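Trainee: I'd like to learn how to read a protein structure. Could we go through it together, feature by feature?

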Amino acid sequence: MRRAILRARVLTSAASWALLRCGPGAPATWCPAPSAEISEVQGNTAASPLLGQRVELNGVVSAAPARVGSRRGFFLQAQEARSGIFIADGGPLPAPGDRVHVAGTVAELGGVTALAGLELLQPCGRARLEPGEHELGSAADTEGWQGSWLRSRQTWTLLDTTELWSRGRVRVSAQGRAYAAGHPLGAQTELWTLEGMSASVSPGRDDHFERLRLGAQTSELTAVLLSTSPPTLLATEPVEFRAPPPASLAPRAGALRIAALNLDNYFLDPGERGAASPRELARQRAKLVAALSQLDADILALNELENQPPGASDSAADLLTALNAQLPPELSYALSTASSAPEGALRSAIAYRPRRVQASGTAWFASAPGLTRAPLLQTFVAAGRSLTVAALHLKSKVCDGGAQIVGPEGCGAETRRGEARALGALVAQLRAEAHELLLIGDFNSDSREAPLLELQRAGLSDLFASVAPWDRYSYVFDGRATQLDQALATPALAAALVRAQIWHIDADEPEWLDYHLDNPPGSYRPDARRCSDHDPILVDLEP
């Protein structure tokens, strides 16, 4: 009862707060002496040295309203020091710049030192407060700044927008783009969570593609340092990220172009995979057609198609029909057909332009112990050159249910190693039969991981080896870029390589730009960008 009486006596209404902010000439009020300084409450360790104790603090409001987890409140900054603290309060809140005297119990809310159980909130006038200028290096070096309002004038790179619309947060880095462990540039890049981003974005803006693509950068952040474990910032001003659009596709210049794309579950039957309704399927189809037509490939290796039973509608044929309707007859595609179908929910497909290449014989799904998804192979003749294309889709890195030991290459690593060994044996067999081979598709493996190294030991060359390392990515997971989509070839085909390219139209784009109907209004466009979650890859060979 005493706490309720104290709070009722000193807690002002919203109208009273407005009176305190009436400008020059408003009478200043006196703040009682604090029992502790904010810096004493924060301390220099992860947990407050005054945890559980009742304290009285003075300071200036730096951010309001604010949230830490599910708790609403505001941040209080020491006027003469860099230290700050979160004040958990569900009542009327003071405004930034208000000087206040508060009393409550020191607590840890989700790793953030805070004052909870607030029993006193007394206004003491107004004060001019500016954020402290800090360069944020390692989070371990900034433990004493927790709760502080600061301005960071350094380059921050946008790494992940998965939770932007659901929770108003993104992930950023002050060390540039982050790469997965198996990537040539894989390193211990520190990822920061940046909260309070909802006010910074609007999907209806014409430039939202360039502002929210992964890799976008900003040269300034004004935020409160919420936590250093994990490193988390709360933006107090809108953040303007900027990124250039994806590079244009290189012209084919007469070369034989072979492209691969993981379609991100192109299923005709609405269900758990792919489109959930006929309308979503139409939107998905439109984006895929836009991407495939611009690839301008002579041979297409496609993954994650629905593997229907015999006699059912064919998802590959459905997509090609829509694609051919947008192309002149001389650029239309035919579908390679196999005499038998693989097992499982997914399958690969190969399409080609009969006026550019000729299929030699029928396609076949190769089966061998150790292969979880049968690769589809088709031999072609182009300008006198014979080559066999294998459309691959190795075991996913997604963890299945149950406890697992996850190594640096992710879940399913041992299965992918076994698949690579089986593919190595298949390569040896086909080379003995005078096949020149191109293995292309979703390997779910980066260039320094076991499957790629195993296949190179089998005599295949990495066709992306000469691509700049910072450009070698086709997928982004948990803020880290990785090249899951690869192309490897036997020596004669590798010697004919003109160009290898990854077209970054998907992995960098926000998820809500895809075809799903529950995305923010105005975000869908029937273009190639975010047609899938993987970037398409392509190789140009001398004809």
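Trainee: Let me start with two cysteines: are C31 and C124 buried or exposed?

Mentor: Both C31 and C124 are buried. Keep in mind that we're looking at a predicted model.

Trainee: What joins C31 and C124?

Mentor: Here's the general idea: a disulfide is a covalent bond between the sulfur atoms of two cysteines. In this case, C31 and C124 form one, with their sulfur atoms 1.9 Å apart. The link is right-handed, with 105 degrees about the S-S bond. C31 sits in the loop between α2 and α3, while C124 belongs to strand β5, so the pair ties together parts that are 93 residues apart in sequence.

Trainee: How many disulfides does the structure hold?

Mentor: There are 2. The other bond joins C399 to C411, again with an S to S distance of 1.9 Å. Its torsion about the S-S bond is about 85 degrees, so this disulfide is right-handed. C399 and C411 are 12 residues apart, each in the loop between β21 and α8. If you number the bonded cysteines in sequence order, the pairing reads 1-2, 3-4.

Trainee: And C399, why does it count as partly exposed?

Mentor: Because its relative accessibility is 42%, which falls between the 20% and 50% cut-offs.

Trainee: Okay, helices next. How do I describe two that pack together?

Mentor: Two packed helices are described by the angle between their axes and the distance between the axes. Take α6, residues 278–295, and α7, residues 315–324: they pack at about 65 degrees, with their axes 9 Å apart. Their crossing is right-handed.

Trainee: Which residues make the contact of α6 and α7?

Mentor: From α6 you have R285, L288, V289, L292 and S293, and from α7 there are D318, L319, A322 and L323. Sorted by type, the residues of this contact are 6 nonpolar, 1 polar and 2 charged.

Trainee: Can we finish with a single residue? Where does R151 lie?

Mentor: R151 lies in strand β7, which covers residues 149–152. Its relative accessible area is 12%, so R151 is buried.

Conventions. Residues are numbered from 1 along each chain as its sequence is written. This is a predicted model: local features need pLDDT of at least 70, side-chain atom pairs count only at pLDDT 80 or more; totals for chains, interfaces and linings use all residues. Side-chain values use heavy atoms; hydrogens and water are left out. Helices (H or I, at least four residues) and strands (E, at least two) are DSSP runs, numbered from the N terminus. Buried means under 20% relative accessible area, exposed over 50%, partly exposed in between (1.4 Å probe, protein chains only). Axes are lines fitted to C-alpha atoms, for helices over the stretch in contact, and angles run from 0 to 180 degrees between N-to-C directions. A crossing is left-handed if the near helix is turned anticlockwise from the far one by less than a right angle, and right-handed if clockwise. Contact means heavy atoms within 4.5 Å. Ala, Val, Leu, Ile, Met, Phe, Trp, Tyr, Cys and Pro count as nonpolar, Asp, Glu, Lys and Arg as charged, and the others, Gly among them, as polar. A disulfide is a pair of cysteine sulfur atoms within 2.5 Å.
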